[in-house]
Amino acid sequence: MTAPYARHRRAVAIPAGMAMATALAFLPNTAATAAEDAPAPTAARADATPLSYVVNVKPGHGTSAYVKKAVAKAGGTIVTSYDQIGVIVVHSSNADFAKTVRKVRGVQSAGATRTAPLPSASTGDLGAPKVLSAAEVAEAEAPAGQDPLQPQQWDLPAIKADKAHEKSLGSKKVTVSVIDTGVDDTHPDIAPNFDRKASVNCVSGKPDTSDGAWRPSAEESPHGTHVAGEIAAAKNGIGMTGVAPGVKVSGIKVSTTAGFFYTEAVVCGFVWAAEHGVDVTNNSYYTDPWYFNCKNDPDQKALVDAVTRASRYAEKKGAVNVAAAGNENYDLASDEITDPSSPNDTTPGDRVVDPSECLDIPTQLPGVVTVASTGAKGIKSSFSNYGLGVADIAAPGGDSTAYQKPEAPATSGLILGTLPGGKWGYMAGTSMASPHVAGVAALIKSTHPYASPALVKALLYAEADATPCTDPYDINADGKIDAVCEGSKNRNAFYGWGIADALDAVTR
């Protein structure tokens, strides 16, 4: 049996005080029997079914006339070209487009970014966040110097962010971009710190800079807005406080209305961040439609190539890329994983993959900071993916109160964040852990403004609080081991180099 597939990216909606029976939906997967790695082939498609593709060529020289002509001859229309990384976004109704273009001189890889026609079919979200009522917000009280909802944020003292704020709130010269479902910059906790110039809509694969294009519509997920508040909700006497409440935050919208994060949008997001002076990107998603992209499949290989080029370009331009590890309790360092969820935009089916060859992107890409999740008791969240040498660092992402209950006055084991329309609410997932690390990275950059991404990451790991393996790990106390942690106190499968430390970020 494998862990059930959570439709929503890197967040899981766990109602506070959830009963044990309900909690079983988030329990670890047991070992699956399988033969060798056999990635599912791309679904068959008929002509006249438009799809999106990435065509990867040598970067830095523009798209050659020869390649342009070949793309057109194969039935493709170029949407945009990112010459700096050699990625071309193409639409085509030719079912053999990628196969044909791969043979063209100068093309290094090419593949479909989806298996569903344009636009993609919609599937349901896992669940909505637990929204605080107007009465709960109005009744909130906090000690002097704290925002009203801060007593509910057990996650801030868990990484010493409350102590860090006595030293520094972070610099307005530092920007964290939330590459996600969009950010509501009109929220009173986000508006004071919002960076419009670094915000954009990248859903089509081409930047849309019209005013407000980065905002989610009423029908779309509040995920990105929640993440943005966790990072940089202003310390302004309203609502909650972010990990780095003095830095800037921007919204780079890459998710379709249906909730898919396709390669062309993700590439656009990283390149936009690179070209607009962003210091940190937060990536609480995986790139659809494949949970794991196998490099022995030509389509999936092209997607890995494209996102790798884009993320490396952002780092080369000065950004630290931080990503969520995922919510399936997978050991990403294991020999094999059964993936029941791919491709998620048409008909998924079980396939066995080697996670060292089939990558969860962007989280498993070179240079990306991979973040595992902890709960209110400081141990690995029941859902969090992990893996020795894969998980780099850990931070609060919440868990069911049935497993990890916070100390009073906090009442929920989930993570408080901002929601569109001037609201606040609770969510949980590695999606919520990643922005804590992005916020700490922003504090490090504020303290060391000339630090390179490599140095910021080195400090992030060196300053983390080393946390030994939780052994045995029986999160639901049923007498069965739910995950096995390997490694030493200083670096292990559950917590990487340790739990992020915001106080050290502003004092060392």
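Here are a few notes on the disulfides in this model.

1. Ground rules first. This is a predicted model, where local features need pLDDT of at least 70, side-chain atom pairs count only at pLDDT 80 or more, and totals for chains, interfaces and linings use all residues. Residues are numbered from 1 along each chain as its sequence is written, and side-chain values use heavy atoms, with hydrogens and water left out.

2. The structure holds 3 disulfides (cysteine sulfur pairs within 2.5 Å). Number the bonded cysteines in sequence order and the pairing reads 1-2, 3-4, 5-6.

3. Cys202 and Cys268 have their sulfurs 2.1 Å apart. The S-S torsion is about -60 degrees, so this one is left-handed. Cys202 sits in the loop between β7 (200-201) and α7 (223-232), Cys268 in helix α8 (residues 263-275), 66 residues apart. Helices (H or I, at least four residues) and strands (E, at least two) are DSSP runs numbered from the N terminus. Cys202 is buried at 0% relative accessible area and Cys268 is buried at 1%; buried means under 20%, exposed over 50%, partly exposed in between (1.4 Å probe, protein chains only).

4. Cys294 and Cys358 also form a disulfide, sulfurs 2.1 Å apart. Cys294 is in strand β10 (residues 293-294) and Cys358 in strand β14 (residues 358-359), so the link ties together parts 64 residues apart in sequence. With 110 degrees about the S-S bond, it's right-handed. Both Cys294 and Cys358 are buried.

5. Cys469 and Cys485 bond with sulfurs 2.2 Å apart. Their S-S torsion is about -65 degrees, so it's left-handed. Cys469 is partly exposed at 21% relative accessibility, while Cys485 counts as buried at 13%.
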